[in-house]
Amino acid sequence: MVFSLFRSGPRKAGKILVAFASQTGAAERIAWLTANALAGARPVKVTALGGLTAAELAQAGTLLVVTSTYGAGEAPDTARAFARKQMALAASFKGLDYAVLALGDRKYDATFCGFGRELDRWLAKGKAKRLFEIVCVNGDDDDAAMGRWAGQLNQLGAATSGAALMPGAPRDWTLVERRLLNAGSPGGEAWHVALTPRDDATWIAGDIAEVWPRNAQDSVDAFLERHRLNGELSFKWHGHWTFLRDIIAHSRLPNDHEVEGVALEWLVQRLEAFVPREYSIASLPPRMELLVRKAVKNDGSIGLGSGWLTQVAEVGGVVKLRLRPNPNFQPPNDGPMILIGAGTGMAGLRAHLLHRARKKIGGAWLLLGERSAAHDLYYADDIKAWQADGTLEKTDLVFSRDSEPKRYVQHLVAEQGVEICAWLDRGTSLMVCGGLEMAAGVQDALVTICGQEKLDQMTQDGLYRRDIY
Ligand SMILES: Cc1cc2nc3c(=O)[nH]c(=O)nc-3n(C[C@H](O)[C@H](O)[C@H](O)COP(=O)(O)OP(=O)(O)OC[C@H]3O[C@@H](n4cnc5c(N)ncnc54)[C@H](O)[C@@H]3O)c2cc1C
Ligand SMILES: Cc1cc2nc3c(=O)[nH]c(=O)nc-3n(C[C@H](O)[C@H](O)[C@H](O)COP(=O)(O)O)c2cc1C
């Protein structure tokens, strides 16, 4: 929710505004924890950066920005219009104290924390006073960076630690079912993967599962035995106490010469941990279902995360998983909804349709693209049921390999432009899920149909939401 802050009246000393810009929930989570940590010492407010103007920022007193970076060094969706309109202004921030926490990922080398850095430069250029250097965070287990941020918050009156700001440890889930959905497809294998939690877990449509790939159990056991290591020993690893057998399972297995004669603590600190992979949750509690495309690389090897889920992990075995609430893709309301996606994007859309079916909300329009009607219409039975019970008012499917020239879901969007506009004019929400290229094509088509201003406004109102990768 966006609310206007510090619009008028004298600036009260000591107030802190925490502004966040988040695509998949990580920055938003840290913004709230940051505010909670400060709340005992200072009056704090939290709001989405995208809802503010440069003039409102200038009046904030002390501003803490927590933001991620998306696309190629760009702002998350909810702050794109802010970046385009407000950051184009040469604003004056004299009297404003600020600091930036920038979330990013070093695999995006050239644009690492790009938007956070741009924001930091823009505020400094407007003569705002930097309270401390920008803190750049690599992935979600960067305890060193979070420790630095916590240390700075403590200088502002908080009493917190990096560990308190980190996401919780992953939990054990059981892999209960795995089924190939598109045998014979001209595209990559798509698998339905089902898991159940070993303790309580809940989520809502739009949320994300972070899955930790791991080495097969046989290779972990063999490694521990070969090097006479006790798997039950615990070490502080990426912020959490973890058994050695789990550390070995979730790291690239070192070569024998890297282990021999080396102190165990030293080895553990140098192991290259597997990075978790994110998946849009395709179901509602209590059973988690994922739609996973098995990635096959040019050399024929399988992707670490998708390979683990679709091929390596044993049915009945443990999968380490952490739930991530994703407010920016949760249901905005119970009104009409247009759902657009392609390929595994059906995962995120399916959770919404299951949610609407469960609540008996009609008025949804699904526009979906895949490769071939004969092989790639996942969840066809669900679609039939949603059509029959009124959850789906309208369904448009397109299969690129079944037509010449190839047609994709963005072509459907362009063709249905007039009707899409009519739906949007009556307050319909618009959810897009799937790959970046598809999402960019759909966005271009939507801009042509209804204009950038309309999309900006819908984003601002939480009616245009994307889960894209
Ligand atoms: C929000 C979100 C939702 C998603 N939802 C789905 C979904 O519903 N279904 C689906 O199939 N996929 C989904 N994905 C994609 C998924 O997370 C994986 O990227 C995909 O499964 C391929 O991963 P892999 O490990 O199998 O392949 P890999 O090739 O092993 O890795 C894939 C990516 O990870 C990078 N990578 C590899 N190793 C490292 C490393 N050591 N450190 C850092 N990066 C590394 C690579 O550059 C590559 O981009 C989603 C992604 C996001 C961000
Ligand atoms: C499609 C995609 C594009 C991304 N692009 C960048 C990038 O250009 N630079 C960067 O540092 N991080 C990039 N990231 C990583 C995110 O910034 C990082 O995962 C962050 O923790 C997400 O926080 P959020 O959930 O608040 O959006 C990208 C992530 C995705 C899924």
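Reply: First a definition: a polar contact is a pair of N or O atoms within 3.5 Å; within protein, one must be able to donate a hydrogen and the other to accept it, and residues adjacent in sequence count only if both atoms are side-chain atoms. This is a predicted model, where local features need pLDDT of at least 70, side-chain atom pairs count only at pLDDT 80 or more, and totals for chains, interfaces and linings use all residues. Residues are numbered from 1 along each chain as its sequence is written, chains are lettered from A and ligands numbered from 1 in the order in which they are written, and side-chain values use heavy atoms, with hydrogens and water left out.

Me: Which backbone atom is 3.0 Å from an oxygen atom of ligand 2?
Reply: A polar one of Gly-73. From a side chain, Thr-24 places a polar atom 2.5 Å from an oxygen atom of the ligand.

Me: How much of ligand 2 does the protein bury?
Reply: 93% of the 650 Å² that ligand 2 exposes when taken alone (accessible areas by the Shrake-Rupley method with a 1.4 Å probe; for residues, only the protein chains shown count as cover).

Me: How many residues surround ligand 2?
Reply: 22, with Ser-22, Thr-24, Ala-27, Thr-111 and Cys-113 the closest. A residue counts as near if one of its heavy atoms lies within 4 Å.

Me: Switching to ligand 1. What does Tyr-279 do there?
Reply: A polar side-chain atom of Tyr-279 is 2.7 Å from an oxygen atom of ligand 1. Arg-293 has a polar backbone atom 2.9 Å from a ligand oxygen, and for the side chain of Lys-297 the distance from an N or O atom to a ligand oxygen is 3.3 Å. The protein covers 72% of the 950 Å² of accessible area that ligand 1 has on its own.

Me: Which domains give the shell around ligand 1 at least three residues each?
Reply: Domain 2 (171-324) and domain 3 (327-468), with bounds from an automatic or database domain assignment.

Me: And which strand gives the most to that shell?
Reply: S12, with 4 residues. Strands (E, at least two residues) and helices (H or I, at least four) are DSSP runs, numbered from the N terminus.
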